[in-house]
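Here is a short report on the structure below. It takes up the pocket, then the salt bridges, then the surface.

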Amino acid sequence: MAEGVNPDTLNIISLFMQADWVVKLVMIGLAIASLWSWAVILDKTVRFGALNRQADAFEAAAGTGRSLDDLAAQAGDNPRHPLPLLLVTALKDWRETRARGPLSDTQTALLMQRIDRALDAVIARENRKIEDGLGVLAVVATASPFIGLFGTVWGIMHAFDAIAASGNTNLATVAPAIAEALFATAIGLGAAIPAYIAYNKFSLDASKFAGRMESFADDLGVAVAKKLGDRLNDRAA
């Protein structure tokens, strides 16, 4: 009967302590997975915020009309942000080739191809860095509900065995055992839902920033081609 159910047996701590050892392991694993996913969520939130703020500042500086050489000098030889790194990479190849002397049309075309490949390599490498950790969110989002369900099924089976052994089927006996089992599913969903939302959000952010890098690389290619064209025109004159 409902009057026989002790509310103290249905709190979180009691549900965990009274659960079967397999269900306890499931709950602990899901709790660790949830903490891990939240660590990734906080890290990605901070990183994407910093990436976009620095990109805005760099693009604003580039929009003031400052020369690419000045921007590259300000960024240093090995900048950590992707956009200055793309600039430094492009100008490095251009300067090394320019130092060898005048270029023919074929050499100019080869230089542009080499710069494009170098920029593509930088973009691919930076994309891997940006997407690092998203796999954790994907695994937690997809696996946690099933792990929680496994804990629930195991707990219910264990509860039915205990009920059958005792021969007592009143609510006071059944409710705590069923609640312990369902608590595993609740933890699984609690781990999966934030991870699923965060994975989709950060995947979209990563795609947007990848597009931002590709757009900047295209602009760099145009700027370098213009530099090369200006040198060819000066030489022809």
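The lining of the largest pocket divides into 7 nonpolar, 4 polar and 8 charged residues. Here Ala, Val, Leu, Ile, Met, Phe, Trp, Tyr, Cys and Pro count as nonpolar, Asp, Glu, Lys and Arg as charged, and the others, Gly among them, as polar. The model is predicted: local features need pLDDT of at least 70, side-chain atom pairs count only at pLDDT 80 or more, and totals for chains, interfaces and linings use all residues. Residues are numbered from 1 along each chain as its sequence is written, and side-chain values use heavy atoms, with hydrogens and water left out.

**Pocket**

The largest pocket has a volume of about 520 Å³. A pocket is an open set of points on a 1 Å grid over the protein atoms alone, where a 1.4 Å probe fits, with protein on both sides within 12 Å along at least five of seven lines. Points are joined across faces, edges and corners, and the volume is the space filled by probe spheres set on them. The lining holds 19 residues, where a lining residue has an atom within 4 Å of a point. Nearest the centre lie Arg-47, Leu-51, Arg-80, Glu-126 and Lys-129. Helix 2 (21–62), helix 4 (82–98) and helix 5 (105–131) each give two or more residues to this lining. Helix 2 gives the largest share, 7 residues.

**Fold**

The protein chain has 7 helices and 0 strands. Its pattern along the sequence is α-α-α-α-α-α-α. Helices (H or I, at least four residues) and strands (E, at least two) are DSSP runs, numbered from the N terminus. Of the 237 residues in the chain, 38% are buried. Buried means under 20% relative accessible area, exposed over 50%, and partly exposed in between (1.4 Å probe, protein chains only).

Val-26 lies in helix 2. Val-26 is buried, at 9% relative accessible area.

**Salt bridges**

The whole structure contains 5 salt bridges. Each is a side-chain nitrogen of Lys or Arg within 4 Å of a carboxyl oxygen of Asp or Glu. Three of them are tabulated.

| Pair | N to O distance |
|---|---|
| Arg-212 and Asp-56 | 2.4 Å |
| Arg-212 and Glu-59 | 2.9 Å |
| Lys-129 and Glu-126 | 3.5 Å |

Which residues are linked in a network of salt bridges? They are Asp-56, Glu-59 and Arg-212. Arg-212 lies in helix 7 and Asp-56 in helix 2, so this pair ties together parts 156 residues apart in sequence. Glu-59 is also in helix 2, 153 residues from Arg-212. Asp-56 is partly exposed at 44% relative accessibility, and Glu-59 is partly exposed at 32%.

The pair Glu-126 and Lys-129 sits within helix 5, 3 residues apart, about one turn of the helix. Glu-126 is buried at 5% relative accessibility, whereas Lys-129 is exposed at 52%.

**Surface patch**

Leu-189, Ile-193, Tyr-196 and Ile-197 form a nonpolar surface patch with about 410 Å² of accessible area together. Patches take residues with over 30% relative accessible area and no salt bridge; like charges are joined within 9 Å, and nonpolar side chains (Val, Leu, Ile, Met, Phe, Trp, Tyr) within 5 Å. Areas come from the Shrake-Rupley method with a 1.4 Å probe, and for residues only the protein chains shown count as cover. Tyr-196 lies in helix 7 (residues 171–236). Tyr-196 is exposed, with a relative accessible area of 51%.
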